[in-house]
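Hi,

Here is the structure I said I would pass on. Have a look at it first, and then read my notes below.

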Amino acid sequence: KNKFIPDVQTRGAAIIRARGASSAASAANSIVDSVRALTTPTAVGETFSMCLCSDGSYDTPEGLIISFPCRTNGQKIEIVPDIELNEFSRAKFDASIKELSEERKAVKDLI
């Protein structure tokens with residue numbers, strides 16, 4: 001709560017301070033990591049995070065693009081359905097769902 005979240009929120013600036021350059025390489029590295037996660041079978045007991053179109057898992061609105069815990073056999077990706085969220089994590093997840101739902105509505109209202 002007091003270290004990880006603030007670090008994630010300021011990671012771009014931290015990368016720029018550390019490298020003296022843009023954090024674009026970090027974004028590119030994330031893409032490489034995502035492709036590797038999608039094409040390599042996930043080890044037993046492991047998961048990775050991936051933004052997918054919701055199927056209603058974790059009580060999310062269907063069709064909302066949100067990050068889920070996932071695994072793959074190297075060909076097919078699946079949302080891991082049985083990860084229990086503690087109260088803090090569920091509150092953060094719900095806040096993200098609310099924000100993403102509001103953004104989706106705002107975009108639909110523009111169309």
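To get you oriented, where does Ser 57 lie? You'll find Ser 57 in the loop between β1 (48-53) and β2 (65-72). Please bear in mind throughout that this is a predicted model.

Ser 57 counts as buried because its relative accessibility is 18%, under the 20% cut-off. Leaving aside residues up to four places away in sequence, Ser 57 touches Phe 68 and Ile 79.

Now the overall picture. The chain has four helices and three strands, and reading along the sequence gives α-α-α-β-β-β-α. There are 111 residues in the chain, and 15% of them count as buried. The accessible surface is about 8300 Å², with 56% of that belonging to carbon and sulfur atoms. As for contacts with a separation of 6 or more, 41% are between residues 24 or more positions apart.

Is Tyr 58 buried or exposed? At 13% relative accessibility, Tyr 58 counts as buried. Its phi is near 55 degrees, a positive value in a residue other than glycine. Asp 59 also has a positive phi, near 60 degrees, and its place is in the loop between β1 and β2 too. Asp 59 counts as exposed, though, because its relative accessibility is 69%. For context, most residues other than glycine have a negative phi.

On to the rings. How many aromatic pairs does the count come to? The count is two. In one of them, the rings of Tyr 58 and Phe 68 have centres 6.3 Å apart and planes at 35 degrees, so this pair is tilted. Tyr 58 lies in the loop between β1 and β2 while Phe 68 is in strand β2, so the pair ties together parts that are 10 residues apart in sequence. Tyr 58 and Phe 68 are both buried.

Tyr 58 also forms an aromatic pair with Phe 93, and that one is edge-to-face: 6.1 Å centre to centre, with 65 degrees between the planes. Phe 93 sits in helix α4, so here the loop residue Tyr 58 is tied to a part 35 residues apart in sequence. Phe 93 is buried, as is Tyr 58.

Last, something on the outside. Val 107, Leu 110 and Ile 111 make a nonpolar surface patch of about 400 Å². Leu 110 is in helix α4 (residues 87-110), and with 75% relative accessibility it counts as exposed.

Cheers

Notes. Residues are numbered from 1 along each chain as its sequence is written. This is a predicted model: local features need pLDDT of at least 70, side-chain atom pairs count only at pLDDT 80 or more; totals for chains, interfaces and linings use all residues. Side-chain values use heavy atoms; hydrogens and water are left out. Helices (H or I, at least four residues) and strands (E, at least two) are DSSP runs, numbered from the N terminus. Buried means under 20% relative accessible area, exposed over 50%, partly exposed in between (1.4 Å probe, protein chains only). Contact means heavy atoms within 4.5 Å. Accessible areas come from the Shrake-Rupley method with a 1.4 Å probe; for residues, only the protein chains shown count as cover. Patches are made of residues with over 30% relative accessible area and no salt bridge: like charges are joined within 9 Å, nonpolar side chains (Val, Leu, Ile, Met, Phe, Trp, Tyr) within 5 Å. A salt bridge is a side-chain nitrogen of Lys or Arg within 4 Å of a carboxyl oxygen of Asp or Glu. Rings of Phe, Tyr and Trp (its six-membered ring) pair if their centres lie within 6.5 Å; planes under 30 degrees apart count as stacked, over 60 as edge-to-face and the rest as tilted.
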